[in-house]
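Please look over the sequence and the model shown here before reading on. The paragraphs that follow go through a few parts of the structure in turn.

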Amino acid sequence: MSDHTFPTSSSYTDPDSFLGPDSFVGPDSFTDHDFEFVAPGELGPGQRWSTWDDIGVLAGPEPWPDWLITADAAVDTELGILKTGKEADVFLLERATPDQSCILAAKRYRGYDRKLFHRDSGYQEGRKLRRSRDRRAAAKGTRWGRSVEAGQWAAAEFGYLSQFASLGLPVPYPVQLDGTEILMEFITLADGTGAPRLAQTRPDRFRLETYWEQLTQAMSVMAGLGLTHGDLSAFNILAADQRIVIIDLPQAVDIVSNPQGVEFLARDCRNVCAWFTARGLAADADALLADLVAQAW
Ligand SMILES: Nc1ncnc2c1ncn2[C@@H]1O[C@H](COP(=O)(O)OP(=O)(O)OP(=O)(O)O)[C@@H](O)[C@H]1O
Ligand SMILES: [Mg+2]
């Protein structure tokens, strides 16, 4: 898939330079393992060692998909920015070993520009920052506070993605969470290019119906868990050929415990119904809402 040079070197030349005096290992032990030593300088610009195994990095739900690269000797290469959003930027990243590679979407929450943070506090009701130091910092909008908030949004989105992916809902598979960065499955068309947002597409009647079917089915499962997306529209749904994939989930709302829960659900219903109706499939937002409310209680 890629033609970038993979920095491998099988030559560890001087074991004493990286083994301390207490870590003497007999010659036999060396032959037990496939030892590879790669000097840090061999990584090119825009490359890093795979962070998959780093301390503090949370892995996505098991079973891991077979395309996922879990080797810690993998290298991540930045491929550039896919899209700048209001709270986060989405980059493309290739994670590769010498014989396997996959492209991932890296969603990185920005922690430094409060003006760009548009999610209103309604989403946050019922969620508390545990450490009072973090709470005060977030309230004051200090640099630290903003990075705490960005990490919170990332963790919230990763949590919902994990929960929904485990249930087989159409969301990108969440690969890992590392602070303010989520790595997830890159949703593509058959030709490998990024899938467009539903809003950019003009599906024919048959496809429109299958999209509607998939979407309302997913919304119904979410409602059964007591949840709604919270910012659902044709802009946060990707159209990947015959299937739709729901993205951008940090603000999912608990329909029951959030005092504005039903309002968020109603708005999600209105947004998607308006889009389907405009494309020629009459969709009744009130009927959908009633249906989903019944799932939640
Ligand atoms: N997993 C993915 N696969 C393919 N494309 C993606 C993926 N995640 C995000 N994108 C693209 O990046 C865009 C922004 O992602 P997302 O909506 O999650 O972030 P955002 O910061 O909320 O953006 P916005 O403010 O535009 O809603 C999406 O509209 C989509 O085009
Ligand atoms: Mg979005």
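Four strands each supply at least two residues of the shell around ligand 1: S3 (75-84), S4 (88-97), S5 (100-109) and S7 (181-185). Strands (E, at least two residues) and helices (H or I, at least four) are DSSP runs, numbered from the N terminus. The model is predicted, so local features need pLDDT of at least 70 and side-chain atom pairs count only at pLDDT 80 or more, while totals for chains, interfaces and linings use all residues. Residues are numbered from 1 along each chain as its sequence is written, and chains are lettered from A and ligands numbered from 1 in the order in which they are written.

The shell around ligand 1 has 21 residues, and the closest are Lys83, Gly85, Lys86, Ile187 and Asp248. A residue is near a molecule if its C-beta atom, placed from the backbone, lies within 6 Å of it. By type, the shell consists of eleven nonpolar, three polar and seven charged residues. Here Ala, Val, Leu, Ile, Met, Phe, Trp, Tyr, Cys and Pro count as nonpolar, Asp, Glu, Lys and Arg as charged, and the others, Gly among them, as polar. Domain 1 (56-185) and domain 2 (198-296) each give at least three residues to this shell; the domain bounds come from an automatic or database assignment.

Asp248 has a positive phi of about 65° although it is not a glycine. Is Asp248 buried or exposed? It counts as buried because it has 23 C-beta neighbours inside 10 Å. The cut-offs are 20 or more other C-beta atoms within 10 Å for buried, 12 or fewer for exposed, and partly exposed in between, with C-beta atoms placed from the backbone. Asp241, in the loop between S9 and S10, also has a positive phi, of about 55°, and is not a glycine. Asp241 has 11 C-beta neighbours inside 10 Å and therefore counts as exposed.

Now turn to the helices. Glu157 is in helix H3 (residues 143-166), and it counts as buried because 25 C-beta neighbours lie inside 10 Å. Leaving aside neighbours within four places in sequence, Glu157 is in contact (C-beta atoms, placed from the backbone, within 7 Å) with Ile182, Leu249 and Pro250. Glu157 and Ile182 are 25 residues apart along the chain, and their C-alpha atoms are separated by 8.4 Å.

Helix H4 (residues 205-224) has 20 residues and reaches 28 Å from its first C-alpha to its last, close to the 28 Å expected at 1.5 Å a residue. That expected span is 1.5 Å times one less than the number of residues. The buried residues of H4 are Tyr211, Leu215, Ala218, Met219, Met222 and Ala223. They lie on the same side of H4 because they cover an arc of only 140° around the axis, the arc being that of the directions from the helix axis to the C-beta atoms. On the face turned away from this buried side are the exposed residues Arg205, Phe206, Glu213 and Gln217. What do the buried residues of H4 pack against? Their partners are strands S8 (227-228), S9 (237-240) and S10 (243-246) and helices H5 (261-278) and H6 (285-296). Just after H4, Gly226 takes a positive phi of about 85°.

Finally, the whole protein chain has six helices and eleven strands, and 31% of its 297 residues count as buried.

How values were computed. Contact = placed C-beta atoms within 7 Å.
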